[in-house]
Amino acid sequence: MAIIELTDVHKTFMKAREAVEVLMGIDLGVEAGDFVALMGPSGSGKTTLLNIIGGLDGATAGEVVVADANLDALSSRELARWRARTIGFVFQFYNLLPVLNAQRNVELPLLLTKLSGKQRRRNAQTALSIVGLDDRAGHKPGELSGGQQQRVAIARAIVADPPILVCDEPTGDLDRENAEEILDLLRILNRDHGKTVIMVTHDPKAADHAKRILHLDKGKLVQEVAA
Amino acid sequence: MSNLRLVWANLHRHPVRTYLTLLSVLVAFLLFGLLRTLAIWFTAGPAEGASADRLVVTGKYAIIDLLPISQMNAILTVDGVEAVTHQTWFGGNYQDRSNFFPKFPVEPRAYFGMYPELVIDPVELDAFQRTRTGAVVPVELMQRFGWQIGDKIPIEADIWPMKDGNRNWVFDLVGSYTTEVEGIGGIFLFHYDFFDEARDYGPGTVGWWTVRIADADRAPEVGKAIDALFENSQNPTKTGTEDEFGRAFAAQIGDIGLMATGILSAVFFTVLLLTGNTMAQALRERIPELAVLKTLGFGNNRVAWYVLGESVLICTLGGILGVGMAALVGPVANSFAQQFAPGAFGMSWSVAAAGVGVAVLLGVVVGAVPAWSARRLSIADALRRG
């Protein structure tokens, strides 16, 4: 069953009063539990596609159905609630809040739930232990290495138990060793915890961890490879 | 972690900037508390301690004009007048200018007869009456300076040198007095006879008259009759209630209400610009983080509330601390204010509540534009910029 279904999706940006079409008729289906790597040159529309799947940006035309929700039909408030329940985001530059320690960064999405403070702390601890950082809960991002920060970001992405993880160049700012650790972690989350993972990457070695590799070029899906 | 904790943590992103902003708001509200209290004190109705059956007679054109002591007998002839006594502003300092308290030369028995609210041991009043260099003081003043009866109290004169040019007046402490009534007392009293004989100039004059009348309802009529007595003399007078006298004395400084409003307007305008700029700068620095919050599912309104909450929190905190400090300064200011007029100079709850209300409003005004900007922030655009 497709958890992500995109039909004839177009995205156009206005740049200096000129329309620039970034996505041109994307059709894509992703089954629940899949691990998809999205590759392509810079400017091919990977991040834009990821943002549309994650409900961060809207399509100019076409239909986007993710986890049974037609995203075009949702108001911005409904979309925010949907994101909180459905999508876990992992960014290239971690995007942790520097004023909060690891525990509190992970706890952030749970502020949107009705869980008690004690339960929120416990869930955050569990998420940190899944990524192997429960001993760094009190450290602020500035006190952690890049790999550790990305693991905290992954803990934050999974703490609310969303079915989909959307990862934008999750290893782009890491050395090979740390990148491998992060990719292994994503694979475990996909394999053992049933998360559907959509990952944008430039790195073919990173893409090798996925079950499917999609190539995007000039706003079109040009090639699909089963890993 | 709670929502408040998140707002609080964001304020600690740049602690120095946050604390400097807090300090500027605090100082603004300290001024607000003090100046509003001062303005209200100046324009308030009859203060506690001001008696309706006591009038004060001063020089018509300036309350610092001295009046001849010969006026006393004439005042006593006015219908409705029961008793008359006098006081004079002595000024002077005890050891240091910061040790300020009012000092008046008085006729001992007449003075305490005029103010039955002041309680003194009859034995000590007798000693005061008998001792030409004698002085009596409030118990609080004795405690403040650790004085004992029998001590010699030196006062350095600033207005009234002695005939030999010496400015160092020395008084013998012969007693103390107390009062339950706010707004009177607190004065170092010494013997007028000694003062009048020893002073270098102005013998036979007094600062002002205090007149007790039989019927408080006849105060305006009696006051006019007293002033009529001296209308064509070298020393015309102006008679009013004790409360009017005190406020007129203080109003020599100027229109305090207008000055307070002017100062506060300038201060709040400056704080508004300063804090507004700080909040706008803080927002610009955090655009990617706000976008991340929205990405995680925090709604537009919620993110806007966080931004607004920061400015409201810092302004309210500064307001509470500033108003609180002004309230603490109140008792100190009270002892100073009572030299001018009876009535407690202390911050009222209404001033405190207004201060906190203005602080919250300031926070809302300062945070409104950044909060609106945060609300409108597009996630994809902000993440691209970040």
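Author: Two residues are in contact if their C-beta atoms, placed from the backbone, lie within 7 Å. The structure is a predicted model. In that sense of contact, the buried residues of α4(A) pack against α3 (102–107) and α5 (146–158) of chain A.

Reader: What makes residues of α4(A) buried, and which are they?

Author: A residue is buried if 20 or more other C-beta atoms lie within 10 Å of its own C-beta atom. In α4(A), Arg120(A), Asn123(A), Ala124(A), Ala127(A) and Leu128(A) are buried, so each of these residues reaches the count of 20 or more.

Reader: How do you know that the buried residues of α4(A) line one face of the helix?

Author: Viewed down the axis of α4(A), its buried residues fall within an arc of 140°, and therefore they line one face. On the face turned away from the buried side are the exposed residues Lys118(A), Gln119(A) and Arg122(A).

Reader: How do you know that the span of helix α4 of chain A agrees with its 14 residues?

Author: The expected span is 1.5 Å times one less than the number of residues. For the 14 residues of α4(A), residues 117–130, this gives 20 Å, and the end C-alpha atoms are 20 Å apart, so the two values agree. Just after α4(A), Gly132(A) takes a positive phi of about 75°.

Reader: What span should the 13 residues of α5(A) have, and how far apart are its end C-alpha atoms?

Author: The 13 residues of α5(A) should span 18 Å; the end C-alpha atoms are 19 Å apart, which agrees.

Reader: Why is α5(A) called mostly covered?

Author: In α5(A), 12 of the 13 residues are buried. Among them are Gln148(A), Arg151(A), Val152(A), Ile154(A) and Ala155(A). The buried residues of α5(A) pack against β6 (87–90), α3, α4, β7 (164–168) and α6 (176–191) of chain A.

Reader: Which strands make up the open sheet of chain A, and what makes β2 and β5 its edges?

Author: The open sheet has four strands in the order β2-β1-β4-β5 (chain A), with antiparallel pairing. β2 (18–31) and β5 (69–70) each have a single partner strand, so one side of each is left without a neighbour in the sheet.

Reader: What makes a set of residues a nonpolar core, and which members of the largest one touch the most other members?

Author: A nonpolar core is a set of buried Ala, Val, Leu, Ile, Met, Phe, Trp, Tyr and Cys residues joined through C-beta atoms within 7 Å. The largest core has 115 residues, of which Val36(A), Leu38(A), Ala155(A), Ile198(A) and Met199(A) touch the most other members. Its largest share, 10 residues, comes from helix α12 (residues 300–337) of chain B. Leaving aside neighbours within four places in sequence, Ile198(A) has contacts that include Val30(A), Val36(A), Leu38(A) and Ile164(A). A second, separate core of 26 residues includes Met114(B), Tyr115(B), Val137(B) and Leu141(B).

Reader: How many residues does each chain give to the contact, and which element of chain A gives the largest share?

Author: Chain A gives 21 residues and chain B gives 19 residues. On the side of chain A that touches chain B, the elements giving two or more residues are α2 (76–86) and α3 of chain A, and α2(A) gives the largest share, six residues. The residues on that side divide into 11 nonpolar, four polar and six charged.

Key: Residues numbered from 1 in each chain as written. Chains lettered and ligands numbered in written order. Predicted model: local features only at pLDDT ≥ 70, side-chain atom pairs only at ≥ 80, totals over all residues. Arc of directions from axis to C-beta. Pairing = 2+ DSSP bridges. Nonpolar A, V, L, I, M, F, W, Y, C, P; charged D, E, K, R; others polar.
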